[in-house]
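Dear colleague,

Please read them alongside the coordinates.

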Amino acid sequence: MFLTRDETWNPLYAIDVPRPGDYQISCSSDVRSKFAIGDSGGFLALAGWTVLAIALAALGVTTCAVIISVTAFRRGRHRKQLLAERHGSGAATSLRRPGRSADA
């Protein structure tokens, strides 16, 4: 069932087209009814795709922010280490990895 504005659509039949070309389709019914040909979906499908698009965009922005934050933090820490080594400060030894000599 698909909802569009104030209409409810029930797909009854799928038309399989084995090869490209022009086809003639006619719809008939014994009772007063309306028919439509087109993609299935309607309002609920549009809402679902919109929610998915917003969620993926939010995920992308969050991932980008995490990557930028980690990169900035690591570059800042490395810059402090290089400045400490350049100026001969004792702080450089505390930032070095264990097992590395001062000349390495």
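**Overall fold and confidence**

The chain contains two helices and two strands, where helices (H or I, at least four residues) and strands (E, at least two) are DSSP runs numbered from the N terminus, and their order along the sequence is β-β-α-α. This is a predicted model, in which local features need pLDDT of at least 70 and side-chain atom pairs count only at pLDDT 80 or more, while totals for chains, interfaces and linings use all residues. Residues are numbered from 1 along each chain as its sequence is written, and side-chain values use heavy atoms, with hydrogens and water left out.

The mean pLDDT (the predictor's confidence in each residue, from 0 to 100) is 78 for the chain, with 64% of the residues scoring at least 70.

**Helix 1**

The 45 residues of helix 1 should span 66 Å at 1.5 Å a residue, and its end C-alpha atoms, 66 Å apart, agree with that; the expected span is 1.5 Å times one less than the number of residues. Just after helix 1, G88 adopts a positive phi of about 70°.

**Burial and surface**

Of the 104 residues, 5% count as buried, meaning under 20% relative accessible area, with exposed over 50% and partly exposed in between (1.4 Å probe, protein chains only). The chain exposes about 9900 Å², of which carbon and sulfur atoms supply 59%; accessible areas come from the Shrake-Rupley method with a 1.4 Å probe, and for residues only the protein chains shown count as cover.

I15 lies in the loop between strand 2 (7–9) and helix 1 (43–87), and counts as partly exposed because its relative accessibility is 47%.

With regards
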